[in-house]
Amino acid sequence: MGDDFDHLFVAPSSFDRSLAFYRDALGWQVECDWGGGGEPRGAQLSGGGVKIVIAEQHASGDRGWSHGINGRRPTLHLRVEDLDVRFAQLRGADVVVPPERTHWGTRWFVVRDPDGNLIAYEQPLEGSG
């Protein structure tokens, strides 16, 4: 069982500027987006071999947005086949978010490395790809 790169999460200072940069300046394709109409906006973009997710800040009680946990540092997201098995394999890791269901169709847990960088492990829920 391995950890596969899934995407990098970036908490932008300006969603519109970041979206324009990745979409227009780099030519990355928007795979999906959400929010608007008073709801925080987000988008997942692909550059081919790499994906990035950008999202506006939303409720601090929603741990899906890492501002306040990690400021504006990117968060590395890894996809795993069995989240519970992977979580059980941890040995002394600083767990920031224990295993839980996300609003975007996965289960995840988040750990912090010694330099404060976040690594999120995710398993897609049935039917969410």
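Student: What is the relative accessible area of W108?

Tutor: The model is predicted: local features need pLDDT of at least 70, side-chain atom pairs count only at pLDDT 80 or more, and totals for chains, interfaces and linings use all residues. Residues are numbered from 1 along each chain as its sequence is written, and side-chain values use heavy atoms, with hydrogens and water left out. A residue is buried under 20% relative accessible area, exposed over 50% and partly exposed in between, for a 1.4 Å probe and protein chains only. W108 falls in the buried class, because its relative accessible area is 5%.

Student: How many aromatic pairs are there?

Tutor: Rings of Phe, Tyr and Trp (for Trp, the six-membered ring) pair if their centres lie within 6.5 Å; planes under 30 degrees apart are stacked, those over 60 are edge-to-face and the rest are tilted. Applied to this model, that rule gives a count of 5 aromatic pairs.

Student: Which strand holds F109, the partner of F87?

Tutor: F87 and F109 are edge-to-face, with 4.9 Å centre to centre and 70° between the planes. Helices (H or I, at least four residues) and strands (E, at least two) are DSSP runs numbered from the N terminus. The pair links distant parts of the chain, 22 residues apart: F87 lies in helix α2 (residues 83-88), and F109 in residues 106-112, strand β7.

Student: What is the angle between the planes of W104 and W108?

Tutor: W104 is partly exposed, because its relative accessible area is 33%. W104 and W108 form an edge-to-face pair, 5.1 Å centre to centre, with an angle between the planes of 85°.

Student: Which side chain makes a polar contact with that of R86?

Tutor: R86 is in helix α2 and counts as buried, because its relative accessible area is 17%. Contact means heavy atoms within 4.5 Å; leaving aside residues up to four places away in sequence, R86 touches D3, V80, F109 and Y121. A polar contact is a pair of N or O atoms within 3.5 Å; within protein, one must be able to donate a hydrogen and the other to accept it, and residues adjacent in sequence count only if both atoms are side-chain atoms. At 3.0 Å, the side chain joined to that of R86 is D3.

Student: Which strands stand at the edges of the sheet?

Tutor: Two strands pair if DSSP finds at least two bridges between them. The open, mixed sheet has 8 strands in the order β2-β3-β4-β1-β5-β8-β7-β6. Each edge strand has a single partner, so one side of it is left without a neighbour in the sheet; these are β2 (29-36) and β6 (94-101).

Student: What is the bridge partner of V95 in β7?

Tutor: Strands β6 and β7 run antiparallel and are joined by 5 bridges. V110 is also found in β7 and is buried, because its relative accessible area is 3%. V110 touches residues including V95, V96 and V97. The bridge partner of V95, however, is V111.

Student: Which residue of β8 stands opposite H77?

Tutor: β1 and strand β5 (residues 75-79) pair in the antiparallel sense over 5 bridges, with D4 partnered by R79. In contrast, β5 and strand β8 (residues 118-124) pair in the parallel sense. In β8, the residue opposite H77 is A120.
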